[in-house]
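Subject: Structure handover

Hello,

Here is the structure you asked about. Please open it next to this email and follow along.

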Amino acid sequence: MRELIVKVVGNEEIAPGIYEIEFRLPEDINFRCGQFVNLSVGDGGHLLRRPFAILFYDRATHTAGVCYQVKGAGTKLLSEKKDGDELTCVIPLGNGFVLREEEKRVALIGGGVGVFPLLSVLGQYHDSDKHFRCYMGFRNASYVNTFGQFDHRSDALFVATDDGSFGRKGTAVSEFFADFEQAKPDVIFACGPIPMLRALKSGLAERNIHTPCYVSLEERMGCGIGACLVCVCHKANGQANVRVCKDGPVFEIGEVEI
Amino acid sequence: MANLHTQICGVSFSNPVIAASGTFGFGREFNEVYDISVLGGISTKGLTLEARLGNPTPRIAEGHGVILNAVGLQNPGVEKFIADDLPFLRSKGIVVIANVAGKTLEDYAEICRRLDGLVDMIELNISCPNVKCGGMAFGIYPESVEQVTSVAKGAMARTPLIVKLSPNVASIAENAQAAERGGADCISLINTITGMVIDVEKRKPILANVTGGVSGAGIKPIAVRMTYEACKAVKIPVIGMGGITCAEDALEFIIAGAHAVQVGTANFTDTLAMPKIIAGLNDWLDAHGVADIAMLRGTLKIG
């Protein structure tokens with residue numbers, strides 16, 4: 001991980017209140033899919049950086065991208081950044097997603113802004129022998145984003161919306177279980193709101209499915225590098241904490257309390 | 001190159017910039033970003049006798065120019081610190097200050113006894129605002145400040161004792177004097193100011209703990225004022241902190257009378273904040289023809 005000053009090279013609204021910002025790094029980094037950046041919002045009044053999953057990292061141009069939802073004053077400021085503006089960050093952070101050699105059939109389950117970390121998995125394993133089936137859930141048709149990027153890199157893509165205005169009415173998790181027998185994944189990667197992850201965890205348990213399942217968690221962070229113990233969650237036994245920023249953000253679904 | 005070397009209670013610091021407790025863990029993570037041996041010292045994450053899990057999340061919130069935290073003294077316990085983390089810190093050759101907290105006077109005595117002679121200094125946390133019985137109760141009134149200081153001091157034969165004062169009190173000067181009477185070798189201040197942020201849409205506090213400790217650039221004027229008051233009130237050395245983000249900020253505390261400073265929240269905004277402050281102090285002193293940082297200490301001109 002490095003402390004770097006990066007230059008904005010793009011910042012566009014891709015869905016209502018959801019932006020994709022791209023920035024150029026001054027040097028190369030070793031990036032693994034599922035890792036994140038702790039990015040300043042470029043204003044002295046906001047002391048905390050914002051942790052965002054990295055969508056992609058292009059080694060040739062040292063360019064990375066993240067998607068973020070405008071939720072408060074900090075992300076609002078970020079949405080106003082223009083090409084050429086400078087931001088500071090620590091990058092790359094966290095453990096990321098890892099696919100073992102024998103894991104060929106991969107299920108990616110994403111809900112809302114949780115689809116973004118999964119996009120980096122498709123990017124990293126684009127030219128591999130891995131086969132992806134993707135399940136995405138959104139609030140409604142207007143929030144459906146990055147659809148094309150998922151579509152052209154996966155064997156099958158299932159999109160559900162809460163109100164049925166795009167794809168089927170349902171959730172990413174319901175789509176996943178409906179397709180499970182067909183998919184027979186070797187491994188599951190998921191990211192999304194806590195209710196979604198809980199539904200996934202209980203759904204796997206009810207069906208007695210023991211496929212390895214890894215989830216990427218989100219938590220309000222301080223330092224982003226593992227020192228301040230702000231972004232913790234309980235281990236499944238409740239007797240210890242793990243740091244989302246340093247030990248995660250990707251955890252085996254049974255390892256942590258969700 | 002100006003002389004940044006600083007001596008406090010017989011402990012030698014290569015420079016007066018110390019990582020503040022709670023923002024820097026036990027140094028390992030920041031050492032992945034830069035070699036922390038450039039620091040003057042580190043005050044560890046608050047230690048207790050037994051391991052603690054701390055508060056529920058969210059543990060952090062933000063205001064303009066400030067942050068609030070309510071971590072609640074999550075730590076691995078003093079024995080694990082001694083076994084797993086102290087050797088690493090020792091290997092960095094910087095001053096190691098163990099920040100300690102307890103629920104009872106006996107807790108304070110026992111943890112000080114355990115660490116006596118193992119670390120360079122002990123910083124008594126009697127002002128953590130985020131845990132019930134986390135020491136805050138001891139830090140409010142002069143009588144209890146004196147009592148807990150005296151008990152901690154009595155438990156140690158070798159290690160100098162710093163008492164970290166709370167700003168959430170009636171009189172900083174009185175509490176500083178109480179610590180001095182209790183036998184403190186040094187005072188540090190300020191701990192965080194108790195605060196609160198509310199999510200208007202949800203009508204709920206952002207922090208799971210409801211309230212938290214306010215820190216960061218926005219509290220610096222309060223911290224400078226309190227450091228100034230403490231320096232006037234006692235003869236023992238004072239370590240100032242609160243909102244320091246650059247060399248000039250650090251110099252405000254030194255000019256107010258502090259021997260050294262601690263840097264906390266700035267580490268979140270810029271992981272290289274402390275090396276930059278140290279380099280900035282050197283540059284400032286050179287530019288102003290000051291050969292030794294000690295020449296600035298307590299040089300505030302009033303009237």
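This is a predicted model: local features need pLDDT of at least 70, side-chain atom pairs count only at pLDDT 80 or more; totals for chains, interfaces and linings use all residues.

Residues are numbered from 1 along each chain as its sequence is written, while chains are lettered from A and ligands numbered from 1 in the order in which they are written.

Two residues are in contact if their C-beta atoms, placed from the backbone, lie within 7 Å. Helices (H or I, at least four residues) and strands (E, at least two) are DSSP runs, numbered from the N terminus. Ala, Val, Leu, Ile, Met, Phe, Trp, Tyr, Cys and Pro count as nonpolar, Asp, Glu, Lys and Arg as charged, and the others, Gly among them, as polar.

Helix α2 (residues 115–124) of chain A is largely enclosed by the rest of the structure, because nine of its 10 residues are buried. Buried residues in α2(A) include F116(A), L119(A) and Q124(A). A residue is buried if 20 or more other C-beta atoms lie within 10 Å of its own, exposed if 12 or fewer, and partly exposed in between; C-beta atoms are placed from the backbone.

K81(A) sits in the loop between α1 (73–79) and β6 (86–93) of chain A. K81(A) has 18 C-beta neighbours inside 10 Å, so it counts as partly exposed. V8(A) is 73 residues away along the chain, yet the C-alpha atoms of V8(A) and K81(A) are separated by 7.4 Å. Leaving aside neighbours within four places in sequence, K81(A) is in contact with V8(A), N11(A), I21(A), G42(A) and L87(A).

Where the chains meet

The contact takes 21 residues from chain A and 31 residues from chain B. The chain A side has 11 nonpolar, six polar and four charged residues.

Chain B

Helices α3 (residues 105–115) and α5 (residues 142–154) of chain B pack at an angle of about 30°, with their axes 8 Å apart. Axes are lines fitted to C-alpha atoms, for helices over the stretch in contact, and angles run from 0 to 180 degrees between N-to-C directions. From α3(B), L105(B), Y108(B), A109(B) and C112(B) meet V148(B), V151(B) and A152(B) of α5(B). That contact has seven nonpolar, no polar and no charged residues.

Helix α6 (residues 172–182) of chain B has eight of its 11 residues buried, so it is largely enclosed by the rest of the structure. Its buried residues are covered by elements including α5, β9 (161–164), β10 (186–189) and α7 (220–233) of chain B. Just after α6(B), G183(B) takes a positive phi of about 110°.

Best wishes
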